[in-house]
Amino acid sequence: MEKRQAPLHSTQRSRREAWIRINQAVSVPAQKHFEFVDRRGKVKPASTIIAIGGGKGGVGKSFVSSSLGIFLAHLGYKTTLIDLDLGAANLHTALGTPLSSKGINEFILDPNMEFSSLAQDTSWPRLKLVSGSSETLDVANIDDSQRSRVMSAIFRNPCDFTVLDLSAGTHSATLDFFLMAQHKIVVVTPDPSSIENAYRFLKSGFFRKLRRYEHQLHLASQIDALMANREALKIRNPGQLIKHISTQEPVLGPKLKSLMSELNFQIVLNQARTRQEAEMGFALQSVCHKYFGFPCPFVGALDYDNAVWQSLRQRHHLLSSNRQSHLYGQLMSLARKIAKSQPLQAVI
Amino acid sequence: MNRRMRDPEESSQTFYDLLEVNESAGPVDIYQAYQRAKATYAPNSPAIYSMFSPDEAKELMALIEEAYQVLSHQGRRKAYDQKLGIGPAQPTRSQSLPSASFQVSNSVRTESVALAPPRDELPEGFARTRFSIYEVKPEFEAQVSALEVCSGEMLQKIRLYKGVALEQIATEIRASKNMLVALEADDFEALPVAVFTRGFVVHYTRLLGLNENKIADAYMKHFRANKV
C-alpha cells in the first residue's frame, strides 16, 4: 500500500518540513473517561465521541469531520459520522455519498425508530454515516426531550469512534452535543471573524458547563455575587473567576475548577495559507489557556487547498480523488494523534 | 495585579506559567517562548481579538516582559527560583557543568593543592571531590604537589587516595573504561596519540580536583619518555 513519493523540489521540501515541525510540536492529550464514570451513573459511552464545532459557518467543520472519519476508519476503527447540523445538513455532500431516505431528522420525529437503523454504508469500509437529510420544516429547533433522546442514542452508539459534525452558531443544542464529547475540537481559520466566533463558541460552551455545575455544587449564589462586583475584584476572564471561587470556597471551588478544566478544547487551524498563519495555532492555544485557565491544546494545522472545493464540485471527497494534496498527510497525522489515545483492540 | 505577580506565594501564576515554559527550560527555550508570547499579545495580534482588551493585552505584555527580564538573567532567575522554592534539583547541563569545573579549577589555583572547596561542614582532616569524601594525608599531598614526572601508576594512587571509582570518571568524561585502565597501567600501545591522551589526563585530574595543567604536563613527560 505504501506509495513511493516523487522527489520534492527544495521549496516544497522546506514547506513540508515546516509542516512536519508544526505538526510534531502539537499533541493530543490522552483522554480519560473519568468524566462519564464519575458523574453519569458509572456509564461509559459506548464509543469515543469526537465533536467538531467552530462557531462560524464555512470554516470547514464538515470537511474536517468527514476527513477525520475517513482516516479513523482507514486506521482500522469502526467509525460513525453523525450530521448534527440539523437545519442545514450537508455532511453527505462533503462525503460524496447519495442522500439516504432515513436520517437523524426522521429519528427525531419518529419516537419508535431505532438509532442503529439510520447508519448507512459509505464507500469507505468501517465508516458509517448518519445523515441529517430530511427537508422537514422546523427540525432545527428540537426540544429538550428530543435532544436528550438524540444524546443518549449517540452515547450508546456501539463503535470505536463517533464523530459529530455540529452546526454553526451557539445554539444550546449544539453546545450540549459539543460538551458531551471527549474530544472537543474547534475548527478555526485565521480570519478575525472566524477567530471571534470560535472564541464566542468556546465561551458559550464554558458558561453552559459552568451553569450546569454551579447548580450541582450549590455555588450559583457565590458566582452571581462575584460577577456582580467583578469590576472591583478585577475579574476579567473565566480563569480569574474560577480562581476567586477556589479561594472563597476551599472544598467546592477546586472541585469546580477540576470539572471545568476537563473541558480541554482542542484547536484545529484550517485554511492556513502561510506558515505564519499555521503557527497562529500556538497563539490561540496560549490565549485560550490564559483566558480560561486550563490548557487548550493546538492539535493540528491544515493547509488551504483549492483541491478541496474542486473535489466538492465533483461530489467526491478530497481523500478519494486527490491524494497528492498536502492535506492528506496533515489530516492523517491529526487522525493518528486522536487515535493514539485509544489503542486498537483485537476482535476475538 | 503587577504587585501580585511579583510575589510568587500569593499568585498561582509564576513567570514560568506566563511564558508557558518548563521550570527546567534552558535559555534558548525561554527566548523562543518570549518571542512567541510577544507576537501573540502584540496590540494588533488577531489571536487576542475579542478575548483581551487592548489594556489587558498591554498589562499582559508588561508581565511577560518582566518575566523575561527575570528568567533570561541567570542570577535573577536563581533568586526567583529560590523564592518559588524550586531547588536546582535537575540543573540543565549548560548551568551545572561550567560552574562546577570553574569551582574546582579556581580552588586549585588559589591553594595549589588538591582540594575542592568544602560545601558544608566536614570533620577536621577530611576533604571532598565531586564524587567522594576522603581523609587528607599531608605527606601524600606534598608528594603530589612536588611531582615532576607522573606515571599512570601515580595517577591510580591519587585516584584511590581520593576514593573515586574508575567508572565514575569514565561516565563523567565519556571515555571508555578500558582506555582509563590502559592509562593507569601505562599501556602505551592502547592509548591514543599524545594530544588526545593529554586531553583525557586533563579531564581525569580535573575531576580529582588536582592542578590539571601541572599534572598533565608531568604525565606527558612520562608519556613521551616511554612511548615508542
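Helices (H or I, at least four residues) and strands (E, at least two) here are DSSP runs, numbered from the N terminus. This is a predicted model, in which local features need pLDDT of at least 70 and side-chain atom pairs count only at pLDDT 80 or more, while totals for chains, interfaces and linings use all residues. Residues count from 1 along each chain as its sequence is written, and chains are lettered from A, ligands numbered from 1, in the order in which they are written.

First, select residues 192–216 of chain A: that's helix 8, with 25 residues.

Now colour the buried residues of helix 8 (20 or more other C-beta atoms, placed from the backbone, within 10 Å of a residue's own). Among them are Y199(A), F201(A), L202(A) and F206(A). The buried residues of this helix pack against several elements of chain A, including strand 1 (48–53) and helix 13 (275–292).

Next, go to I50(A). Leaving aside neighbours within four places in sequence, its contacts (C-beta atoms, placed from the backbone, within 7 Å) include L68(A), F161(A), L164(A) and I338(A).

I50(A) is also one of the residues touching the most other members of the largest nonpolar core, which has 104 residues. Such a core is a set of buried Ala, Val, Leu, Ile, Met, Phe, Trp, Tyr and Cys residues joined through C-beta atoms within 7 Å. Helix 13 of chain A gives the most to this core: nine residues. For a second, separate core of 18 residues, pick V164(B), Y204(B), L210(B) and F223(B), which are among its members.

Last stop: chain B, with twelve helices and two strands.

Notes
Expected span 1.5 Å × (residues − 1). Buried ≥ 20, exposed ≤ 12 C-beta atoms within 10 Å, placed from the backbone. Contact = placed C-beta atoms within 7 Å.
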